[in-house]
Amino acid sequence: MARSVMRAIVGLAMAMSWIAATRAETAPAQPALQPFATFNQFQFLQLFGFPTLRHYQVLPPGARSSDFAFDLTNHFEERITGTEQLVVDGELLHATLIFRQGFGDHMEWALEVPLMRHSGGVLDHVIDEFHDTFGFARGRRADVEDDQIRYLYRRNGVTEVDIDDNQAGVGDVRVVLSRQLQGMPQGRGASVSGLLKLPTGDPDKLTGSGGADAALWFTYGAEPAGSRWSWLGTLGALYTSDGDVLEDLRRNGAVFGSYTLGWRWTDAVQLKGQVYAHSTLFRDTELKPLDEFAVLGIIGLAWRVTPAIDLDFGLAEDLHEGASADISLHFAVRRRI
């Protein structure tokens, strides 16, 4: 089964690349560089208000966009210290519906509604074969049963999180407001954005944090005329309330940033890579997944299928061991209305 899944993924990527290349002469103009619409999907961190980033350009007044972002994340972590135990073994399906609309003077608002499902998943076999094929160590993965779910956090003999069956539901809804800044040099642009995350998810299912969060960030980028290269950088800060998930360990603030680099392969296809990092949201713990800053690396492509529809495909990896999810498959579609 694992070989079949892996062959299907590789085959789909090759087919998409071939179709994109054959459509290059008739395809619509290359889209602006969009960051991957994802963030750290580590089960104990995706609850909080880290934003799904976007380009500095906002929609014109009255223009609308309906977006759909999909992440399938597999993570395994088992750590024990003198007083703490952490087990994260499961798969998270995180789908987000995003509605955006331009208004006023270079302004845009967005509503993001996440839908989540925690389960044992289907990717354990694929990851095991990948490790075996390239000679990577499987670590403790080799000692546990595939496709099971177990989320556990115990401290000083008290169990604070214990989930061993599938969980699903609506996550914490987000409202985003952005303003594109004017007077930028030719080929460059910037925006300022703010986010409010509402506690609509269920902390007992790890579909919500149980508290409200707010974030503010600045985006700056360049798309030089005549160049195949473009880039975007983001820097921001997050404030979170304590909520109901590991609230005794919580820090109420974090900083985050990202850098996205794109290269135009054809008129319709753009290859891109992204690094997304943030500081820790926990304290008074010796467990690295909770106590360390996280660095997430993503590679993939964007494809403008029609003048109104763009697709993103990406593969995300943990670049700072244990502080973000092991591996995530990312897919997004943007449709301008």
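Is Asp 213 buried or exposed? At 1% relative accessibility, Asp 213 counts as buried. Here buried means under 20% relative accessible area, exposed means over 50%, and partly exposed lies in between, with a 1.4 Å probe and protein chains only.

Before I continue, a word on the basis of these values. This is a predicted model, in which local features need pLDDT of at least 70 and side-chain atom pairs count only at pLDDT 80 or more, while totals for chains, interfaces and linings use all residues. Residues are numbered from 1 along each chain as its sequence is written, and side-chain values use heavy atoms, with hydrogens and water left out.

I turn to the salt bridges. The term denotes a side-chain nitrogen of Lys or Arg within 4 Å of a carboxyl oxygen of Asp or Glu. The structure holds 14 of them. Asp 213 takes part in one with Lys 197, where the closest N and O atoms are 3.6 Å apart. This pair links distant parts of the chain, with Asp 213 in strand β9 and Lys 197 in strand β8, 16 residues apart. Strands are DSSP runs of E with at least two residues, and helices are runs of H or I with at least four, numbered from the N terminus.

Lys 197 is itself buried, with a relative accessible area of 0%. A salt bridge also joins Lys 197 to Asp 172, at 2.5 Å from N to O. Because Lys 197 lies in strand β8 and Asp 172 in the loop between β6 (167–170) and β7 (174–181), the pair ties together parts that are 25 residues apart in sequence. Asp 172, like Lys 197, is buried.

Asp 312 belongs to strand β14 (residues 309–318) and Arg 334 to strand β15 (residues 327–336), and the two are 22 residues apart. Both Asp 312 and Arg 334 are buried.

Next, the aromatic residues. Rings of Phe, Tyr and Trp (its six-membered ring) pair if their centres lie within 6.5 Å; planes under 30 degrees apart count as stacked, over 60 as edge-to-face and the rest as tilted. A search of the whole structure finds 10 aromatic pairs. In one of these, the rings of Trp 229 and Trp 263 have centres 6.4 Å apart and planes at 50°, so the pair is tilted. Trp 229 lies in strand β10 (residues 229–240) and Trp 263 in strand β11 (residues 253–264), so this contact ties together parts 34 residues apart in sequence. Trp 229 is partly exposed at 47% relative accessible area, and Trp 263 is partly exposed at 27%. Ring pairs also link Phe 218, Tyr 220, Trp 231 and Tyr 259 into a cluster.

Finally, the backbone. Most residues other than glycine have a negative phi. Which value does phi of Leu 246 take? It is near 50°, a positive value in a residue other than glycine. Leu 246 sits in the loop between β10 and β11, and at 2% relative accessibility Leu 246 counts as buried. Asn 156 also has a positive phi, of about 50°. Its place is in the loop between β4 (150–155) and β5 (158–163). Asn 156 counts as exposed, at 55% relative accessibility.
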